[in-house]
Structure formats: C-alpha cells, structure tokens
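The following note sets out numbered points on the model shown below. Please read each point alongside the coordinates.

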Amino acid sequence: MLSFNILILVATLYVCFLFAVAFMADRRARRGRLGWLRSPVVYTLSLSIYTTAWTFYGAVGSAVRNGLEFLAIYLGPTLVFVGWWWFLRKLVRIGRTHRITSIADLLSSRYGKSAFLAVIVTMLAVFASTPYIALQLQSVALSFSVFAEASGGEGGPSLNTTALWVAAGLALFTILFGTRTLDSNEQHHGVVTAIAVEAVVKLVALLTVGAFVVWGVASGPADILERIAAADISVKSASGSRWVTLMVLSAAAIVCLPRMFQVTVVENSDERHLATASWAFPLYLFLMSLFVLPIAVMGLAEMPAGSNPDLYVLTLPIFHDQEALAMLAFLGGFSSATSMVIVAAIALATMVSNHVVMPVWLYFSHTSVKLSGDVRNVLMVSRRISIAAILALGYGYFRFTGGSGALASIGLIAFTGVAQVLPALLGGLFWRGATRRGAVASLLAGAFLWAYTLFLPSFEGSWLMPLSVIEHGAFGLDYLRPRALFGAAESDPLVHALIWSLGVNALIFVTVSLLTFPAPLERTQGLQFVNVFQHSSGRGAPASMAVASDDLLILAQRIVGSETAVALFRAAAREQGKSGGMPDPTREFVERLERELAGTVGAATAHAMVGQLTGGATVSVEDLLAVAEETAQIMEHSVQLEAQSRELSRTARELQRANEKLTALSIQKDSFLSQISHELRTPMTSIRSFAEILRESDDLSPEQAKRYSSIILEESIRLTRLLDEILDLSVLESKQVVMKTESGNLSAIIDRAILAATVAATPDGKRPLLIERDQSAEDMSIVCDLDRLAQVFINLISNARKYCDAEEPALRIKASRDKTMTVVDFIDNGTGIAEQHRDIVFEKFSRLTDASAAGSAGLGLAISREIMRNLGGSIELLRSSSGVAFRVAFPTAQPSAANSL
C-alpha cells in the first residue's frame, strides 16, 4: 500500500503542477495570447468550482443517509443555468458595465455605493464561508487519515494536526499565488485555467472510480440496479419542504457564494459563453452525479459496518487494493477542496481589504500623507493577513465542531448563510424602488437569524452557544430555542433556519424599501441596474446634454490619447446611426465616456471633469477631496515611475559600459592568446631551426656555430621571461607569494629601476627618454619588499620609454609621503591614454598598441597591480591634462611581523 509520505509527495507535486499551469496561463495572457484562455470551454470548466469536496465525497454520504436527496444540490444550479440563464446574463452585463469585482461591490454600487452595506456583505460572506472552508479541511484531513490507516500507520498525525498543516499550506500557497497583483479589475487567467484543469481531474477521477465500482466490483449496470432496488437507498426520501429548501439554497449559491460570483461574473470575458455554459455545466453536474448511487450501494455492501460513507470514493479502491485508482480518487478530492479554498480566500481577502481595511485605514490616517505607495503597501499586507485569517477561521470552526459532522451538513450551513444576500440582490436587479436602508436592515436581520438558528448551534454546546441555550432558549425562554423559534417546531433544523432567516430577510427588505425613499444616487444606480440592457445597448433616445461633442473629444484626447479618443467617438457615432461626424452628447454617451476616463484618472476625477463641461454636476467638497486624493496618488505613481525610469536608464548605461568592457577584454584575451601562441612559437621555432643546423651541419665554422648557439640562448631567455611573467602573475593573484620585508632608500630603488629600464637599446626611430626627478625629495627610508617595488618602477619606466609618443619623450618622477602612505608619481609628456581605454589598462592581456611594437605580452601593469595589492598599497591611473600619469602608493612603514600575505 502507498505510504503516507508518498501521499504527501504526490499532493505536493500536484500543487506545484497547478501552480505551473497557472503561471504559464498568466504569462500567456500578459503576452496578449489569450486565445483558448477566453474560450467557453475554459469558462464552463471553471464553474466546476461549485463541486467541492462536498459533492465529490459528501454526495455519496448523503445518498447513503438520505437517499436521492443529494440530487437537489445538482438540480438547483441546473435550473438556474437552463431556465434562468438570462438572469446570469444580466449579472454579467452589470458586472462588465460597472466594473464590478465582488458581490459586495455589486450591492454597494447598486444601493448608492454604500460603504456600510459593503462591510455587512463582506463580513457575512466571510462567516458564511467559514463552515465551507472547514468542510474542505475536514475532507482533506479525512482522506489523509484513510491512507495513513490503510498503510498501517499507527500514531500518525491526528485529524486536527493534518487539518492545521493543510490550512497552513493552503494559506501559504494562496498568499504566494493570489497576492502577486493588486489590480482587482484584472481577470485571473491563471486561476481560471488551474480551476479548469482541476475540473477535468476530479471528473475523470470520479468517473473512473464509478466505472471500477460498476464493472470491477459489481457485475455491471444490471447488478447495480438490482442492488439499488434491494437496498433502501432509493426509497429514502426527504420531505417536500427539505427538497425545496435544498434546491433554493443550491440555486442561490450559484450567484451568492463569493467564489461562484468570481468565476461566473467577474471572470466572464464574453456573455456568449453563458450560452455554452447553460447546457455544458448541467451536463458536467450530471456526469459528477452519475455514479453516486452505485458507489453508495457497493460501499454499503462491501465496506465493514461503521465505515464513513462520505469516504466510500476513497475506501472502496483501497479495500480492493487498487492503489493507483485510490491515488487518482485522492487527487480528485484534493482538487475539489483546494480549488474552492484558493479562490474563496482570494475573493474574500479582496473584499475584506477593499471594503473593511482600506476605509478604516483611510479614516484613522487622515492626518498622514496618503500616497499610492502607502495604499499599495496597506492593501498588500491586508490581503495577505486576510487570507491567513480566513483559513484560520475555517480551521477554528473545524476544531470547535470536532470535525465530526457529515460533509453535506457543513456545506448546507454555508449555503444558508450566503443565501441571505439573495433578497437584496434580486430586488436590486429587478426593482427600482429597492433602497439601501431596506437592504441593510434585511441583511442584518437575516444574518442574525442564520447565526442564531443554524451557524452557532452547529458548534454543539461549545462556549459560543451553550447546550442550555439550544435546549431551553436564550435567557431560559422556551420560545427562543434556536431550532424551534417562537414555537415553530420543525423536525429539520435546515428548513427551520431557512424559513426564519430568509423569510424575515425578504419581508424586512420589502417593507423598509416601501417605507423609505431612495437617495438620488440610489435612483440613478437603480435605473442603470434594472434597465442595464437598454443602457448598455444604446436603445432609446435620451435627450442630448448641454455640451459640445468637440469639447468632450478634446477632454478625452488629453486624458486617454488622441487615437483612443477618436476610436471611442467614432464607435459611438456608428451606434447612433451616423456614418460620419461626431456623436450626439446624449446622457448615455457622456456616462460611457466618464467610465472610460475613470480607467485612467479615477472615478472621482473623471466625474468632476465631465461634470464641469456638461454643467450637470456640482462639485462637492467630497468630490474635491476625492479628486485631490486621486491626484496625489497619480502624482506619487508618476514620481515612482520617473524614479524607476531613471534607475533603469542608469542600470542600462552601466550594463552597456560593462558590456563594452567585457567585449574589449574578450578581444584583448583573443589577441593575447594569439600573441602568446606567436610569442611561444617564434623562439621555439628559432631554437629548433638553429639546433637542427648545429646537429646536421658538419662544415660550420667555429664563428657560425658560436653565433647560432648565441641565438638559441637569446631565444631561450626570451621564452623563459615570457613564462616567468605568466607564472609570476598567477602566484600574485593566488596570494601565495612571500613578501620580503626590508628597509632601504627610495632614491636608491628609483636609481636601480632607471638603470634596469634604460639598459635595453632605445627603440628604433625614437630619442632617448629624458628623466626629471627631485632626488632630495626621494631621499627617504622605506620598509617593504624592495625587489618587488623596484619591479613595479621598472615596468612603469619601461612603458614610458616604449609608448611615450612625444617628439622629445620625458618622464617626471615625483615622490612625497605623509604619516601613513608614501606616494611616487610617474608622469610622461605624451598624448595620454584614450578615455575608452582607461578602464582596461590594468586588465590582463591588455595592450593599447601593436604587440610586435610593444615587444611584450601585456602583463606588466596587471603584475604591477597585484604586487601593490600584496604590499598593501595601490597603483592607479591619474587624470592628467597632458601625458600619462601613474601613481604608486604604499604604506610608509610595514609591520615588522607581517612578512607574507
């Protein structure tokens, strides 16, 4: 049997695979290669996030416990997509028109852009999703425990420990994956693609397990039908009220669950995809439910008494030693759980950061500077903390409830919570008279009743709701019992909770909306939401506003650019039936233009600027403050972009200089290798040639033999000198050289260097080098490796003699010292070194003249630099108005104990 460690490895690799899929999809989208990323197939598969671990594992358990009741969870979404897809189309149109990013954003925008309403919806969504997240943690923990028990793992991790690690891992993964960008309007192609892949994995897994059960365990479909008929599963039937309840809840979940709203509305790139999803998604649900009953009946028949029916999908393959199939089933359940948690955490964290954290932060930091950098940092940190807090809430719920409840029961608690949004949502989309006060009052009442009658009782007597309250009511009042409120005895707590919470919710919503009058902004938003197809399609003939189209075009060109503005105005003219010219400045067109401008300068700024032209808007103090805030953010963003641009330019220049330097060094290296080959070949060829002459010629005179022998000796010395230089540089660079510390006179060292450098013949066609020096200034004692220092001086004097291009070459030697350093400058009167060569003069193999003319391999200055480093000093090329100037500096006195480096 597969070990628990192998299971961990497979799960980790699978998560990495999903991350890679999402990363590649994001990269493809950033490159503009959307293609299949926006296909109806990917969109439909992304809707499969509805089928979480509840439906993957819990549907079988529900079939064992309640018969065909599990079908209601599939029928609700099916009815919505088949019969109410026009309702979904309206949601999608509103989302695209008003740039809606969450269900809290939608309700807030509909009811006068109420921030308080957005907070209520956000908090309700968080707490309602908590049981659902706990369900996923429980399902993954249970699946791990099944493998641990099957592999004989005594003392393996407990359910609580496994759930904790799963929650931590998913929190880390979601933080890394879901907080890479702060652009909430951006569609998450990577997330959607990963969900689509997981949809295929869990469908294939469930179908494979089902096929194995039907044809591998049973004797085929006929045998399965006989077993279903013989068992009592199919005859088990819930009451009609429970069926209606389940269908209402599952239908509401399609649009009210934050994760379902995210994939259905926000991630939709084309309304026509709904036409495909209207039949393809019900088909997907049908396939997911196809083998639920066969797995249930065979699990009852095959598995030992007391086995958890929620895990038959896993335990049946394990029971029959089908390790690969069990692993596939595990991945299917793992996909169902992780996809839900990741998307739900991202959606909820976005809602919390946008509608709770940011308003609070802006309120308490009103005296500080609110720039875009501050906002970005707060948003990023708040989203990451929110993700961790949401997973912590889910784990806390799992711990408090003991993780012992059936998976389906936990999921239904979450469904009932998010269904409280339904009255305000439906009223906002179809009733212009719906008001913000009605929505707020209904949501508060519904959320309270849901928590009191269903959510808190699910903790089963913990300190959050003691058992005494469940049995005897709050304050000992019998009519306040959570499961029999006001004496309404209902055997099914779910039906009881839904009737009270959603019934009171809808009643209060209608009543308060009728008793209150919507504010002007609520009326405007209500008209746009209810009649969204008219407003977005251009039907009707709204009166023109008192503004010239030319003025609007000029404004648009200044904000979005000439090309974009002209294209926008031409499209509007064509929609108004004009083949040419400017569009009429209708209210619809002006509102559309304002939304386009808001994408660049912000909503408040766009509203104020357009309002000034149309004369139809008064700029309030709040508008001006909003404009000022947006302007500050834009200016800060601009400053940051300029700083980044300057930094990038500086980096580019440095990279260019480095590249040029590397190119020059590469050329120098190639030249050096060529020169070394030539330098080595030339003396060796001479030595070989004259040696052969001496060996093979018997008639040579003594004078000829002596001359040929002298040539062989000279070439051998030349070859030895070249090899000595290379070896000397290697030793110096490796810091393996031993420095002899001795005292001496600087003037004597310079005398010695001049003599050694000028003994050689003066180059042809050049005058002798005139040396100017102040011997009195040179008369000072020094303590260092005198031979190595003389080697540096000899190299500098020799270079001046070879390369100084003055008519009368001269070299001035100037010595000075202070308390710490002795400095000797060597300055000639030539034309100097070109600027582009200054950075490479000390590099190995570097020669600025023809090698044959120089008579060296270009290692002198490189050796001199390493010598001075080993002496604790330096050699540098100074900037001089004329000629070449080198400065040699070394410590005035060496420590007596330091004799090596």
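1. Asp-321 belongs to the loop between helix 15 (312-319) and helix 16; helices (H or I, at least four residues) and strands (E, at least two) are DSSP runs, numbered from the N terminus. The phi of Asp-321 is near 60°, a positive value in a residue other than glycine. With a relative accessible area of 63%, Asp-321 is exposed; the classes are buried under 20% relative accessible area, exposed over 50% and partly exposed in between (1.4 Å probe, protein chains only). Most residues other than glycine have a negative phi.

2. A further case is Lys-113, in the loop between helix 6 (103-110) and helix 7. Its phi is near 55°, a positive value in a residue other than glycine. Lys-113 counts as exposed, at 53% relative accessibility.

3. On sources and confidence: this is a predicted model, in which local features need pLDDT of at least 70 and side-chain atom pairs count only at pLDDT 80 or more, while totals for chains, interfaces and linings use all residues. Residues are numbered from 1 along each chain as its sequence is written, and side-chain values use heavy atoms, with hydrogens and water left out. The average pLDDT (the predictor's confidence in each residue, from 0 to 100) is 79 for the protein, and 80% of the residues score at least 70. The pLDDT is below 50 over residues 537-543, a stretch with 9 contacts in the model beyond near neighbours in sequence; contact means heavy atoms within 4.5 Å. Residues 616-622 also have a pLDDT below 50, and that stretch has 7 contacts in the model beyond near neighbours in sequence.

4. The largest nonpolar core has 163 residues, of which Leu-106, Ile-295 and Phe-330 touch the most other members. Helix 16 (residues 323-364) supplies the largest share of this core, 19 residues. A nonpolar core is here a set of buried Ala, Val, Leu, Ile, Met, Phe, Trp, Tyr and Cys residues joined through side-chain atoms within 4.5 Å. Leaving aside neighbours within four places in sequence, the contacts of Leu-106 include Leu-91, Ile-100, Phe-261, Leu-425 and Phe-529. A second, separate core comprises 39 residues, among them Ile-749, Leu-786, Phe-842 and Leu-877.

5. What does Ala-337 touch, not counting residues up to four places away in sequence? The residues are Ala-53, Gln-136, Ser-139 and Val-140. Ala-337 is found in helix 16 and counts as buried at 1% relative accessibility.

6. A search of the whole structure finds 20 aromatic pairs. Rings of Phe, Tyr and Trp (its six-membered ring) pair if their centres lie within 6.5 Å; planes under 30 degrees apart count as stacked, over 60 as edge-to-face and the rest as tilted. Trp-86 and Phe-430 form an edge-to-face pair, 6.0 Å centre to centre with 75° between the planes. Because Trp-86 lies in helix 5 (residues 85-98) and Phe-430 in helix 19 (residues 422-430), the pair ties together parts that are 344 residues apart in sequence. Trp-86 is partly exposed at 40% relative accessibility, as is Phe-430 at 37%.

7. Phe-144 and Phe-330 form another edge-to-face pair, 5.2 Å centre to centre with 75° between the planes. This pair links distant parts of the chain, with Phe-144 in helix 7 (residues 115-150) and Phe-330 in helix 16, 186 residues apart. Both Phe-144 and Phe-330 are buried. Ring pairs join Tyr-14, Phe-17, Phe-144, Phe-330 and Phe-334 into a cluster.

8. Helix 35 (residues 860-870) is largely enclosed by the rest of the structure, because 9 of its 11 residues are buried. These include Arg-865 and Glu-866. Just after helix 35, Gly-872 takes a positive phi of about 80°.

9. Strand 6 runs antiparallel to strand 7 (residues 885-891), joined by 5 bridges; strands pair if DSSP finds at least two bridges between them. Leu-877 has Phe-886 as its bridge partner in strand 7. The hairpin of these strands has 6 residues between them, and in it Gly-883 takes a positive phi near 75°.
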